Protein chains: 2
Amino acid sequence: MKLYTYPGAPNPRRVHVFLAEKGVQVPTETVDIMKRSNRQPDFLAKNPFGGIPVLELDDGSHLAESVAICRYLEALHPEPALFGRTPAEIGAVDMWIRRLELQLMMQVGLVWVHGSPLTKSVVPKQLPEMAEMAKAGVARTFDTLDASLGARPFFAGSAYTMADVIALTTFDFAADFLGLRPAPDAKNLARWHAEVSARPSAAAGRAPQRSAG
Amino acid sequence: MKLYTYPGAPNPRRVHVFLAEKGVQVPTETVDIMKRSNRQPDFLAKNPFGGIPVLELDDGSHLAESVAICRYLEALHPEPALFGRTPAEIGAVDMWIRRLELQLMMQVGLVWVHGSPLTKSVVPKQLPEMAEMAKAGVARTFDTLDASLGARPFFAGSAYTMADVIALTTFDFAADFLGLRPAPDAKNLARWHAEVSARPSAAAGRAPQRSAG
C-alpha cells in the first residue's frame, strides 16, 4: 500500500490526520502538485480526475478521493471508529461530512480558484465576483455551523469522527491560504477548533514551514 | 419515520430510487421548495441548511443529506448492499459517489444557479461566465466518466450501487432542466444510462408530468 500525497494540501491532510487518529502508518510518495505532476499521463492513469490523495492498493489498483480512502482504511482498521457504529451515528457522521464539504469546502474552493493569485492558471478566467459571492457564502456557513454545533463536543456528537477531520482541515486551509475564518463571536467553533487542534493528530500532513498566517 | 421530499427534485429522487432498489417504503411529506417552504423557520429547525431531503426519525430527530439518509437506511436494511461489502467495494462505491458529486453535480449546480431563469432569486447576481465555465467543466467530466466507465456494467464494478443512483439522478437533472448531456460518442455512458433507466427503480421520485425535453 502507498499513499500519493503532498504536504500541506488540504485533501491529503485529511488522510494523514485520519491515519494518526487510527495509529496506522502507510508509506507515502510525494506528487508535486505545484509542478502539476498530478496532471501528467502516468498520474492520470492512477486517477483520471487528477486529484490527490490516491491510495495504491497491494493488487496495484488505485483508490482516489480522501474520504473514500479513509472509509476503506476504516474497514481494514475498525478501531477507533471514525465513521460511527450505530445506524444513527453512521448517518450523522455522513451528514456532517457532506455539510462541511458541500456547504463549506465547495465555497472555500471557489474563493481559492477565483480569488487567489496562486490559481490563476487553473481556470480559463478568474471571476472576482464569484470569489466575493463564495466568500459571503463561507461566512454564512460558518455562522450556521456555529449555531448547529452548539455545546456538542464534536460535529457528529460526543465522539471525534471523520466529520471533525474534514472540518479541521477545511478551516485551516481557509484560514492559512485565504484568510477566511469564523466571526469572532462564533464561540462554539472557536472552542471546538482549539480542542481538535490540541490533539496530536492535528500536526499530521501539514507543510513543515507553514506559517499560521 | 418520515421523508420530507419534493417530486422531481434531484437530491430527494436519490432517496426514492434507493428505497425502490431496497424494496422499502417510507411515508413522505412534500415540502414546496418552489414556494421556499424549506427556508421557513419550522423547516430550518429540522435542517438549518434548508435543503431537502430530510428524514425524520422515530425519536423526533432529523437526518439531512441524501447520501447520509441512504447510508442510515442501508444500516437498517443491509440487503441488497448498495454501498459495497468488502473494504475494496466500500472504497470504490464512495470514490464514485464523490467523483460524481464533486466533479459532476457541483458543476451542474453552478450551471443551474448561474445559468437558469428559474434560479434568478437564489443568488445575489447570476454570473453568465460562471455558468459557461461550469458547462465546459460538465462536458469534460462526461468525457472522463465515459472513458473511466469503459465496459464495466456499473460505476463501481459489477454491481448496481449508490454511485449509479447518484449518476442517474444527476444525468437526468442535467438533461431535463439544463439540456446538458454526454457527447453523442460517449457510448459507455449511453449503454449504462439505458440499462439503469430500464430498472423499475428509475421511475421513483420523478415529477409526474415532467417532459423528457
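Copies are superposed here by least squares on the C-alpha atoms of residues with pLDDT of at least 70 in both. Treated in this way, chain B can be laid on chain A with an RMSD of 0.0 Å by a turn of 180° and a shift of 0.0 Å along the axis. The two copies are thus related as by a two-fold rotation axis. Within chain B, the C-alpha nearest that axis belongs to B:M130, at 3.8 Å from it.

The model is a predicted one, in which local features need pLDDT of at least 70 and side-chain atom pairs count only at pLDDT 80 or more, while totals for chains, interfaces and linings use all residues. Residues are numbered from 1 along each chain as its sequence is written, chains are lettered from A and ligands numbered from 1 in the order in which they are written, and side-chain values use heavy atoms, with hydrogens and water left out.

With contact taken as heavy atoms within 4.5 Å, 42 residues from chain B and 42 residues from chain A take part. The same surface serves both copies, since 100% of the contact residues of chain B recur in chain A. Together the chains bury about 3,600 Å², 69% of it on carbon and sulfur atoms; buried area is the accessible area (1.4 Å probe) that two parts lose on being put together, summed over both.

A salt bridge is a side-chain nitrogen of Lys or Arg within 4 Å of a carboxyl oxygen of Asp or Glu, and the count between chain B and chain A is eight. One of them joins the side chains of A:K125 and B:E129 at 2.5 Å, N to O.

The elements below are DSSP runs, numbered from the N terminus: helices are H or I of at least four residues, and strands are E of at least two. Each listed element gives two or more residues to the side of chain B that touches chain A, and helix 4 of chain B provides the largest share, 16 residues.

| Element of chain B | Residues |
|---|---|
| strand 4 | 62-64 |
| helix 3 | 66-76 |
| helix 4 | 87-115 |
| helix 5 | 128-149 |

Turning to the backbone, a cis peptide bond joins A:I52 and A:P53, with omega about 5°, and A:P53 lies in the loop between helix 2 (41-44) and strand 3 (54-56) of chain A. In chain B, the peptide bond from B:I52 to B:P53 is cis, with omega near 5°. A:E65, although not a glycine, has a positive phi of about 80°.
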